Amino acid sequence: MKRKLPPLGSLRAFDAVARLQSFKLAAEEIGVSPTAISHQIRLLESLLGVSVFERTPRKVELTDDGKILQQASAQAFNLLQTAVENIEERQRPAVLTLSATTALITHWLVPRLPVLMRQFPAIDLRLHADDRIVDLRSKQIDVAIRYGNRPDDLLSPRLLQQDRFMLVVSPQLNVASIADLLQTTLIHIDGRQVPQPSPDWPRWRSEFGPAALTVDAGPRFTDEAHAIQAAIAGQGAVIASQLMVQHALESGVLVAPFEHSLPGAAHYFVSNPDGKHSRAVAQLADWFAVEMAASE
């Protein structure tokens with residue numbers, strides 16, 4: 001069945017007059033003369049066979065038929081406006097700010113940034129390093145990688161990876177057996193809140209030995225990224241997140257001499273519920289899920 005609809009120009013003029021209750025203001029909004037608006041309304045009324053406005057010297061009011069048409073025209077033009085905005089958004093680079101810990105950005109994300117940028121050239125990613133849990137809304141952050149318990153459902157959390165902690169060391173130190181740790185400097189990371197119990201040297205000694213291992217001595221860092229850098233520099237052995245040291249292991253600047261590992265927490269991808277660029281956010285979430293799965 002062929003649709004019989006008034007011309008779009010007449011419906012646009014009608015919608016503007018109905019919203020603004022003025023032929024003059026509608027003409028200014030559309031960029032035509034009030035006479036042109038009047039012509040479009042007369043054409044619309046002629047095609048419909050009814051009056052859509054009651055005109056008085058001081059105001060313009062909708063008739064009952066006009067009210068019916070206005071409900072439909074408002075919905076239609078709102079949908080059109082949304083569609084146009086979505087199309088325009090797809091053409092613009094999606095500027096997204098991502099928050100994560102310093103260690104994750106330094107040791108996991110930065111080595112993979114070239115791959116991410118080649119795969120999604122329309123995403124302009126801004127990195128925000130912070131070891132605290134930041135409020136996405138107040139800090140105007142679009143997405144974040146959270147570590148620990150499952151975040152609030154309001155943030156649409158997506159499980160990315162279940163972490164493990166492993167002992168890593170520079171190959172220059174020639175650590176080949178558990179007993180070799182007795183002659184190796186132990187690098188400590190203080191202040192870990194997650195996971196619990198902490199994957200530290202006392203726990204390593206308790207589970208894997210050696211029993212005579214001195215777990216109190218050695219340099220201490222409050223930042224995992226700095227502790228990993230110290231290990232890469234050959235300053236000792238460190239117990240670090242498998243995810244954080246993967247690139248160093250692949251490049252050969254660190255080795256994991258033992259298969260033993262301690263359990264860690266989980267990484268989640270979360271997004272700002274007030275954020276824009278939903279398509280780019282979904283693409284970024286998928287990319288992190290694939291890349292972190294490959295890291296396990």
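Good morning. A residue is called exposed when its relative accessible area is over 50%, buried when that area is under 20%, and partly exposed in between. I begin with this cut-off because Asp153, at 54%, is exposed by it. Please keep in mind that the model before you is predicted.

Let me turn to the salt bridges, of which the count comes to 13. Asp153 takes part in one of them: its partner is Arg150, and the closest N and O atoms are 3.0 Å apart.

A second pair joins Asp190 and Arg220, with 2.8 Å from N to O. What does this pair tie together? Asp190 sits in the loop between β7 (186-189) and α6 (201-208), while Arg220 belongs to strand β8 (residues 220-221), so the contact links parts that are 30 residues apart in sequence. Asp190 is partly exposed, with a relative accessible area of 31%, and Arg220 is partly exposed as well, at 44%.

Arg126 has a relative accessible area of 42%, which makes it partly exposed. Asp124 is also partly exposed, at 30%.

Salt bridges also form a network, which links Asp15, Arg19 and Glu29.

Finally, I come to the annotation. An unreviewed UniProt entry places the feature "domain: HTH lysR-type" at residues 6-63. In this model, the span is 62% helix and 10% strand, and the C-alpha atoms at its ends lie 18 Å apart. Thank you for your attention.

Terms used:
Residues numbered from 1 in each chain as written. Predicted model: local features only at pLDDT ≥ 70, side-chain atom pairs only at ≥ 80, totals over all residues. Heavy atoms only, no water. UniProt positions renumbered as here; feature names shortened; annotations may be inferred. Helix = DSSP H or I, 4+ residues; strand = E, 2+ residues; numbered from the N terminus. Salt bridge = Lys/Arg side-chain N within 4 Å of Asp/Glu carboxyl O. Buried < 20%, exposed > 50% of the residue type's maximum accessible area, 1.4 Å probe, protein only.
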